[in-house]
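User: I'd like to go through the ring contacts in this one. Can you walk me through them?
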Amino acid sequence: MDQQQQQSAIQGAKVLMVGAGGIGCELLKTLALSGFHDIHIIDMDTIEVSNLNRQFLFRRSHVGQSKAKVARDAVLRFRPHINIRSYHANVKNPEFDVDFFKQFDVVLNGLDNLDARRHVNRLCLAADVPLVESGTTGFLGQVTVHVKGKTECYECQTKPTPKTYPVCTITSTPTKFVHCIVWAKELLFAKLFGDKNQDNDLNVRANKAASSSKETEDVFERADDEDIEQYGRKIYDHVFGYNIEAALSNEETWKNRRRPRPIYSKDVLPESLTQKNGSTQNCSATDGDDSTTVSAMPLLGLKNPQELWGLTQNSLVFIEALKLFFAKRKKEIGHLTFDKDDQLAVEFVTAAANIRAESFGIPLHSLFEAKGIAGNIVHAVATTNAIVAGLIVIEAIKVLKKDADKYRMTYCLEHPSRKMLLMPVEPFEPNPSCYVCSKTPLVLEINTQKSKLRDLVDKIVKAKLGMNLPLIMHGASLLYEVGDDLDDIMVANYNANLEKSLSELPSPVINGSILTVEDLQQELSCKINVKHREEFDEEKEPEGMVLSGWTQSPATNGESASTSNNESAVDVTESSSGPEIASKKRKLSETQPENHKRETENVESEDDDDLVEIENPMTVSKKKRVA
Amino acid sequence: MDGEELTEQETALYDRQIRVWGANAQRRLTKSHILVSGIKGTVAEFCKNIVLAGVGSVTLMDDSLVNEEALNANFLIPPDENAYRGKTVAEICCDSLKDFNPMVLVSVEKGDLSARSTEFFEKFDVVVIGYGSLATKKAVNEKCRKLSKRVAFYTVDCRDSCGEIFVDLQDYKYTKKKLEEKVECELNFPSFQEAVSVPWKPIPRRTAKLYFAMRVIEVFEENEGRKHGECSLLDLPTVLEIKKKLCEANSVSESLVPDSLLERLITGTIEFPPACAIVGGILAQEVIKAVSGKGEPLKNFFYYDAQDGKGVMEDISNSFTS
């Protein structure tokens, strides 16, 4: 009987779950209820308050603890006799190698970033273990099945590219609020409070005046006895006033663009703020206070994070937040990176972005909205995760029964499409030009005389190809590798290689050279044909190199300042950017039918650019059946 | 309506969902009162979802005692006999649900739902009947419709790996975003009585078969005086007889309702947990939409079948005949 077969498939199964968050909690619960009793679960995160609206296995008292562990304990409470093994670790760790993955009958992903998904995809391919992938954002969700040789792997199709922005847009010509956020977060905040040794474009580009970057250094350096408020106003005037005036002096930039207006603190704020509300003097809190409770808003009488502040209020927050950093969190200055859960950092970045936006005529945003953009916050609800979890288990059971004809990619829509809210679609065959599962060689256009090996490693091998621990060979010559077992001489050698341009390497890489790039953990090997090119377009090809001949996957941590990755979004079958090499068998429809456009009714902020654009999967109409 | 602000605690807890439906919708949710009757796997999922969403209150009605079936499908019931002995399903679930979100008032109401007066339902904004009999669903729906206050009415039923949701929002106004604008829309929902008595002949051929199959099962359980799921393969001949009669009365071919589907529904009486999660999720989304007045609601039936993997909306009303 079918039921018997199903039950025995479930009972004999050993399952790996990657992720114990929104989808993970729902998934673990549904797996347990469905009769699975050998489950391993990996998650590197700890529990936060904002998780509790949907990660129902967690309680307030669990904040700070390991998600994998607490999820396990919670489920054991209603299914005490099942076996759950939890790992509080990063799935990219070397302990989770191909042999580890081989012990499982199916792998179920509940991840929130593209990087980890690609990594798991490769390990599943190497171990030949089926993978059920999933993702949710708000009311949208999807579940996909990946079985080596039978269906596409996770990377066979293009995933939506997270937005990255050319440096000049961020430093000189912003047009959207998100540009201002990136400026505030990755340039200004980093310059003031982050690692001083880091390169920062705020210096060079922003100050075009003949009086050198030396002057800029002076502005940001603060003498120990310098009055904090004065310092704050000096910074304010420099970045919002002086730098803007300097930029305006370059007529060419503004020929077809709206001119920004310089803003000076004396025109916006009263002479002295401490006279006005004596805030920092009244603070009885000492430097040893919990830094997470320090906040500018209450001191200014601002209570509602959804309220829109005007220029004056934003400026007050800017100065006050800056003062608080120096007064209360001095020890952290020089080591801070932006953290969306750091209230003071969020206040500062919001204010700074808003003032810049005001200057450039861009609409201002509330702290709530700004925080979402700066923190790449994914909006999420419990229901979508619960639905997706149910769908994952259904696919997992099919995989265990090897019911290949029944495998489906299922899309959870916000509005019915052809009456369907849950739309199953047959999976595609593997893409013959997928460099991950089909080993297609790639082509790299690069200036072999100017670009260094380091650029190749960072921008191509790690970012575009998603390799974690790469190894690069040119013929028999090993140019670069990473590993624990390397001796000092080798490491020194590789480090030296990194700083050389490609044509100057011990085994020179020039036009026509073929590189072999590998990641042993992922068991992935690629061949790259190198083609020398002299020039690259700064705007269109900001990285100075172009990789092609593959189904494009988005860059992670692109070199240009960006809002980094918001890949928690649904990875939908994206048809419109299919490359020229698309196999005839795939027959993806090229157009996005307008009548299926998603109605953006949920997020209050209208700025959809800040989230990864989700295309409606309804384009997938003609499919090649999985044999 | 948008009187008080959300507290700081609420804003922090609900941050991620406020980013989905907005602060106003969240405020309305925190003021809503939901009545839930009949708690098995799917309804347990539904309750978990709305409690997490932060509704004002959830009132549970289910006087059945905890049995093995309940233990299997309902993750709100801890498998500790000392904990559940002598308690009703509603009482046990109440304790578990409170844990998910201390800001939601969860309580138990004992007694028979169909015996309640019309005024009883006035306390609520939403009424959800799980696994109800035909008579109960009709009676409660009528009472809700009699009230001057609009009470949103839902039924949900899951058998084997299939599920049905019915929605009645009466005359419903809501906002929806079209392109960059907010548009005011209105829908008129038929009552439960009307929706299940629609003549079958004019209904489009491609309508989900589950609609018809569920109507057959409803009649069977009413005729035989059975509770939800109180049936087996032995009842198949009786069920097929009922199907035959209904098809004749409606002048439609018997092939409209596949025998295999009916067999599935009467033999697979235990809910399939993944289907519970899916149907319970969809139901919760609908209730959230209705309470917040934001977003286009399902009209008026939703069907899920794990066998074909589709979750479809069906609009079934007397408009087919007009």
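User: Which residue lies over the face of Phe368(A)?
Analyst: Arg19(B) does, at 4.0 Å from the ring centre. Keep in mind this is a predicted model.

User: And what sits over the ring of Phe56(A)?
Analyst: The charged end of Lys48(B), 5.1 Å from the ring's centre.

User: Switching to ring-on-ring. How many aromatic pairs over all chains?
Analyst: The count is 34. One of them joins Phe78(A) and Phe75(B), 6.1 Å centre to centre with 55° between the planes. That pair crosses between chains. Phe78(A) is in helix H3 of chain A, while Phe75(B) is in the loop between helices H5 and H6 of chain B.

User: Is Phe78(A) buried or exposed?
Analyst: Buried, because its relative accessibility is 7%, and under 20% counts as buried. Phe75(B) is buried too, at 6%.

User: What about Trp254(A) and Phe360(A), how are their rings set?
Analyst: Their planes are at 45° and their centres 6.3 Å apart, so the pair is tilted. Trp254(A) lies in helix H11 and Phe360(A) in the loop between helices H16 and H17 of chain A, so the pair ties together parts 106 residues apart in sequence. Both residues are buried.

User: Which domain does UniProt put at residues 330-371 of chain A?
Analyst: The unreviewed entry annotates "Ubiquitin-activating enzyme SCCH" there. In the model that stretch is 52% helix and 0% strand. Its end C-alpha atoms are 23 Å apart.

User: Last one. Which residues form the aromatic cluster?
Analyst: Among them are Trp183(A), Tyr231(A), Phe318(A), Phe338(A) and Phe348(A).

How values were computed: Residues are numbered from 1 along each chain as its sequence is written. Chains are lettered from A and ligands numbered from 1 in the order in which they are written. This is a predicted model: local features need pLDDT of at least 70, side-chain atom pairs count only at pLDDT 80 or more; totals for chains, interfaces and linings use all residues. Side-chain values use heavy atoms; hydrogens and water are left out. UniProt positions are given in the numbering used here, feature names are shortened, and annotations may be inferred rather than shown by experiment. Helices (H or I, at least four residues) and strands (E, at least two) are DSSP runs, numbered from the N terminus. Rings of Phe, Tyr and Trp (its six-membered ring) pair if their centres lie within 6.5 Å; planes under 30 degrees apart count as stacked, over 60 as edge-to-face and the rest as tilted. Buried means under 20% relative accessible area, exposed over 50%, partly exposed in between (1.4 Å probe, protein chains only). A charge sits over a ring if NZ of Lys or CZ of Arg is within 6 Å of the ring centre and within 35 degrees of the ring normal.
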